[in-house]
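Here's a quick briefing for anyone meeting this structure for the first time. Have a look at it, then read on for salt bridges, a helix and a hairpin.

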Amino acid sequence: MKQVELENRILELLDGQASAAQVLELEEILKADPEARSVYRSLSRLHSALCVRYEAAAEVQAVLPIAPFQSSQNEKPKRVLPWILAAAAAVAIAVLVLSKNSGGANSVPYQLSPGSVCQVTYPDGVKGPEGHFLVDGAYVELLGGNFECSLANGVHLVVEGPAEFTLANQDLVLLNQGNAWFDVPEVAKGFSVRTHEVDVVDLESEFGVLALSDAPDQIHVLRGSVIATTRIGTRSSEVLTAGQARVVNHDGSLKTLPPTPGRFQKALSGKIPYLHFGLDGIGVNGEIQVDGSMPGASSIKARLISEDSASHFIPGPVGQAISFSSGSGAWINTDWPGLSGKAPRSIAFWFKIDPGAQQTDTFPAAIAWGNPDNHFNRKWKIWFPRDPDNGQLRACISFGADRYYDPARLDDGSWHHLTAIYTGKTHEDGTPDCLLYLDGVLSKPEHRFGPDGPPVMRNVDTQTGGPGNGPLRIGYGIYAGLPTFQGSLDEIYIYQGVIDEKTIRSLSSNGHPSDGK
Amino acid sequence: MPLQPSPDIEQPDLMPQDPSDRLQTFVRLITQHQGVIRAFIVSLMPGSPSIADVLQETNMVLWKKRDCLRAESEFVTWAFTVARYEVMHHRDRVKRDDRVMFSDQMVELLADDEDQWNTTESGDASLEVLEDCMSKLTGKERDLIEFRYTPGKSLQQYAEETGASASSLRISLMRIRRNLKLCVETHLALRIP
């Protein structure tokens with residue numbers, strides 16, 4: 001490849017314009033040729049320098065209203081001032097956070113919906129205010145549930161978990177991930193939200209932003225107008241008005257979307273979103289009813305796969321229950337992909353397993369979704385394997401490699417209630433934080449690795465929706481060829497968050513949450 | 001992690017013991033080398049919209065662990081190690097995106113070349129000579145660069161304002177940047193004995 005062509009290819013790559021095939025080709029060249037890598041380094045430096053040269057002043061103004069290091073850098077030549085400002089901005093954020101936190105300036109209260117899991121931290125281990133208060137610089141990790149806050153300038157925001165964002169200051173929110181709604185009063189005009197892909201600047205408005213980890217970011221304007229400017233590729237800019245929505249295209253342009261204002265929560269929900277499978281009967285084509293408060297619950301399709309559907313229903317703790325062990329093997333297939341990533345979750349259900357059931361070498365899941373590869377933590381499975389040492393059947397949560405076993409023997413032919421919770425947190429040793437409640441009582445599960453040992457990557461990352469990832473299945477495994485579950489189930493609740501003990505007690509005693517839903 | 005100094009080797013550039021002087025030195029180092037750290041991250045994540053975020057994460061880690069730094073001369077090596085870790089961490093987070101990325105092997109190779117960045121001051125010096133080279137561009141060339149790199153502006157806007165086609169502007173932009181690279185390299189070659 002000629003020098004000019006090589007340089008053009010590298011510049012296309014740096015501009016984010018290279019195709020996968022072009023990247024692959026360039027990679028082969030760079031691997032083989034140290035001279036080509038030298039050219040690549042030079043152009044990377046140039047590209048980086050140009051980015052900062054034109055972005056620096058704006059960055060400093062947006063992120064850091066005051067730049068405390070400017071005066072200390074007077075010895076530098078004036079022409080490199082933008083560099084100094086950029087560097088000072090990057091470094092000074094930590095210092096600024098320290099100083100602001102200590103004074104409690106702009107301390108604003110926030111609220112969480114029930115069952116939310118939220119961590120607020122500050123750089124350098126600085127302790128934030130006591131209670132549910134935020135100050136500038138707060139990094140908020142909302143693993144599940146909803147977050148609501150009114151800033152000092154009157155901006156009202158509701159963020160739906162899972163989400164990660166930083167309150168850089170009262171005029172700027174850095175939204176790494178999440179679904180957020182903002183209502184900006186006139187006095188706060190200019191309030192901004194920045195995602196990885198787009199800057200949104202308010203012009204007296206109500207708007208929503210979706211910063212997605214697995215899809216392009218979106219902006220939806222509900223009232224007034226905003227300026228949206230992409231941060232990738234062509235860096236397009238557009239004024240959007242009420243009723244308009246845009247998605248960030250891969251080349252940096254803004255593409256029109258149909259507005260979906262109902263997609264944004266404008267107030268805290270009083271309940272953790274959930275799905276419910278009552279398992280009281282089936283439709284004429286084997287349909288299983290699904291309800292609950294999770295968005296789209298009523299449109300989820302679930303179907304009993306069986307040659308003789310009617311024979312599987314038996315009296316259960318609440319109305320009818322489903323027995324997978326009678327007749328030929330049966331299981332329930334759904335089109336719901338499951339909760340993904342490290343989203344916290346709670347699964348509660350009744351089960352009954354007869355003595356001597358499930359004697360096969362391969363133990364099927366009671367409830368499962370995700371990716372079956374046991375080298376990673378990419379699945380979520382509740383199952384009842386037999387202990388290889390003593391043959392006792394026990395309840396188990398499996399992420400793939402990391403597994404938690406309840407100590408009690410459970411194949412006694414009686415109905416029991418199990419609640420399995422993943423909090424979204426991780427212990428210091430890298431194991432996921434899980435809770436198991438048997439018959440409403442917290443148990444002490446034992447951690448073990450699967451047959452393939454510790455996971456390749458310690459993080460929980462339940463994979464959903466893509467090729468090779470199974471949707472929610474009940475009474476069966478993620479992939480085909482496994483035997484079906486040999487037990488009975490009733491009243492399955494799947495919560496998008498961590499439920500509290502009051503709810504668990506109600507579910508295990510009454511069969512439904514305390515509010516009767 | 002910063003290199004641990006051997007007690008047998010004299011290190012004249014040890015970080016000051018006084019906390020105030022130490023903080024001042026650290027701020028000077030991280031400020032002085034911000035450009036080369038950013039460029040290093042750009043080289044590992046070309047075309048990514050998350051450069052600023054990873055740089056910020058890197059700065060935060062450097063800041064948090066500033067007491068680990070023993071000598072000024074170890075700063076860049078240490079900063080690159082931290083930046084490399086943050087880049088890999090970021091890649092893990094976005095691995096399910098459809099974004100085109102270098103392979104892990106390529107990232108490792110580029111990062112392993114860090115001596116190429118580290119042994120000279122050219123990374124930071126190039127920032128200064130860039131201004132000289134920019135001054136040699138024509139007004140139209142500077143405008144084109146400005147529209148490409150200024151947030152809120154775009155080549156599409158420039159094409160609409162000037163009536164030029166987007167494809168011809170892209171070709172011009174490539175040429176201008178190739179010339180800028182050559183200019184910077186020439187200046188640096190003259191500066192370094």
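A salt bridge here is a side-chain nitrogen of Lys or Arg within 4 Å of a carboxyl oxygen of Asp or Glu. By that rule, there are 29 salt bridges over all chains. Keep in mind that this is a predicted model, where local features need pLDDT of at least 70 and side-chain atom pairs count only at pLDDT 80 or more, while totals for chains, interfaces and linings use all residues. As for bookkeeping, residues are numbered from 1 along each chain as its sequence is written, chains are lettered from A and ligands numbered from 1 in the order in which they are written, and side-chain values use heavy atoms, with hydrogens and water left out.

Two more terms will come up:

- Helices (H or I, at least four residues) and strands (E, at least two) are DSSP runs, numbered from the N terminus.
- Buried means under 20% relative accessible area, exposed means over 50%, and partly exposed is in between (1.4 Å probe, protein chains only).

**Salt bridges between chains**

- Arg148(B) and Asp15(A) meet through their side chains in a salt bridge (2.9 Å, N to O).
- Arg148(B) sits in helix 8 (residues 139-149) of chain B and Asp15(A) in the loop between helix 1 and helix 2 (20-32) of chain A, so this pair joins two chains.
- Arg148(B) is buried at 7% relative accessible area, and Asp15(A) is buried at 8%.
- Lys181(B) and Glu7(A) also form a salt bridge (2.9 Å, N to O), and both residues are buried.
- Glu7(A) and Lys181(B) belong to a salt-bridge network that also links Arg178(B) and Glu185(B).

**A salt bridge within one helix**

- Lys31(A) pairs with Glu27(A), their closest N and O atoms being 3.2 Å apart.
- The two are four residues apart in helix 2 of chain A, which means about one helical turn separates them.
- Lys31(A) is partly exposed at 26% relative accessibility, whereas Glu27(A) is buried at 3%.

**Helix 9 of chain B**

- In helix 9 (residues 155-162) of chain B, the residues Leu155(B), Tyr158(B) and Ala159(B) are buried.
- They share one side of the helix because they cover an arc of only 100° around the axis, taken from the directions from the helix axis to the C-beta atoms.
- Exposed Glu160(B) and Glu161(B) are on the face turned away from that buried side.
- After helix 9 of chain B comes Gly163(B), with a positive phi near 80°.

**A hairpin in chain A**

- Strand 10 (residues 218-230) and strand 11 (residues 237-241) of chain A run antiparallel and are joined by five bridges; strands pair if DSSP finds at least two bridges between them.
- Ser225(A) has Thr241(A) in strand 11 of chain A as its bridge partner.
- Six residues lie between the strands of this hairpin, where Gly233(A) takes a positive phi near 50°.
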